[in-house]
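Hello,

Here is the structure I promised to pass on. My notes on it follow below.

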Amino acid sequence: MENARIYLSPPHMTGREQAYIQDVFDSNWIAPLGPHVDAFEQEFCAAVGAGHALALSSGTAALHLALLHLGIGPGDEVVVSTLTFAASVNPIVYLGARPLFIDSEPASWNMDPALLAAFLARRARANRLPKAVVVVHLYGQSADLGPILAACRQHGVPLIEDAAEALGATYQGRAPGTFGRAGIFSFNGNKIITTSGGGMLVADDAALIAHARKLATQARDPAPHYQHSEIGYNYRLSNILAAVGRAQLAALPERVAARRHNFARYQALLGDLPGVSFMPEAAWGQANRWLTIMTIDPQHAPAGRETVRLALEAENIEARPVWKPMHLQPVFRDYECLGGAVAEHLFDQGLCLPSGSSLTAGDLARVAQVVRHTLS
Ligand SMILES: *Cc1c(COP(=O)(O)O)cnc(C)c1O
């Protein structure tokens with residue numbers, strides 16, 4: 001009999017979601033607002049330590065609204081990490097602004113603070129500062145927020161944090177996503193918790209969240225009739241999905257523990273193989289290990305990343321290359337990138353292993369066996 005497929009990061013339900021959904025049906029709050037949306041926002045604020053939160057239809061929508069609130073528009077420049085998923089960049093382009101990409105540093109694989117600081121200093125002298133910086137906390141690990149924030153503050157450039165993958169991680173004991181002007185999170189089906197699709201915008205600035213809330217509901221002015229003085233969007237999260245999110249959020253600590261356990265098992269089972277390394281954990285915080293990433297150096301290993309990926313696929317196991325950097329994407333080829341070699345190297349050698357919080361010891365052993373066989 002063929003082995004069941006092992007997915008990269010499948011949804012992991014707690015068993016309590018359906019009781020929450022039953023309550024939605026019993027109360028007939030089948031709408032993109034309602035008591036579960038309000039409660040999810042409050043519980044999320046408590047979980048990450050944010051002042052205010054807005055539940056939305058996706059993380060992409062959250063980033064779009066954050067940038068809109070900052071007044072980003074045609075011709076503006078927005079600095080963003082190059083090693084990320086396209087959703088970190090697309091909203092910049094929706095607004096007619098130009099992304100400018102920055103390479104990673106090796107300790108966390110996130111935006112290099114030294115490159116950012118030097119760039120902002122150069123642009124300050126030329127009186128051409130970018131309108132915002134979007135820093136990504138990749139694969140559940142915080143970027144080095146201290147020096148990134150310092151550089152942004154020195155030049156008065158607002159920082160937006162893309163923490164879509166980093167719910168449950170820490171930076172010096174606090175949640176990444178709560179350091180900048182605004183932070184965004186995702187509850188897409190593959191993330192550490194899921195509402196099937198959804199997102200959250202957080203900020204300490206009540207006015208920012210109030211404006212984003214208005215924009216997310218077709219920008220209705222406070223009037224008894226329908227009146228609009230700016231362009232709005234339909235971005236709110238459904239009360240049904242917020243109910244799912246509440247059950248999921250309550251399980252976050254267990255989900256982080258399970259993902260960190262996966263990482264430790266892979267490292268124990270495969271760490272001795274020549275040419276094999278794992279994504280480092282920077283000293284400034286704790287990663288949620290959303291995905292376990294191994295790198296394979298073809299100079300020291302008998303096979304490369306793609307050979308291993310195909311061997312896993314042949315055994316019905318889903319693995320994926322590390323994100324292809326944005327500066328290598330055909331759609332973004334016209335935009336500048338500062339550095340790029342670190343991100344390119346990680347893309348060449350990095351492989352994301354199955355990392356779901358529902359993986360069994362048997363699943364982990366099955367994956368590790370295929371990798372070991374291919375690299376021995
Ligand atoms: C998933 C993800 C997003 C987008 O979130 P959606 O909810 O899918 O729109 C943005 N940035 C990063 C880094 C992501 O991984």
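**The ligand and its surroundings**

In this predicted model, a polar side-chain atom of K191 sits 3.3 Å from an oxygen atom of the ligand, where a polar contact is a pair of N or O atoms within 3.5 Å. The protein covers 93% of the 380 Å² of accessible area that the ligand has on its own (Shrake-Rupley method, 1.4 Å probe). S186 places an N or O atom of its side chain 2.7 Å from a ligand oxygen, and a polar backbone atom of G59 is 2.8 Å from an oxygen atom of the ligand.

Around the ligand there are 15 residues, counted when a heavy atom lies within 4 Å. T60, D162, E165, S186 and K191 are the closest. By class, this shell has four nonpolar, eight polar and three charged residues, with Gly counted as polar and Asp, Glu, Lys and Arg as charged.

As for the chain overall, the C-alpha trace spans about 70 × 60 × 35 Å along its principal axes.

A word on conventions: residues are numbered from 1 along each chain as its sequence is written, and side-chain values use heavy atoms, without hydrogens and water. Local features need pLDDT of at least 70 and side-chain atom pairs count only at pLDDT 80 or more, while totals for chains, interfaces and linings use all residues.

Best wishes

How values were computed:
A polar contact is a pair of N or O atoms within 3.5 Å; within protein, one must be able to donate a hydrogen and the other to accept it, and residues adjacent in sequence count only if both atoms are side-chain atoms.
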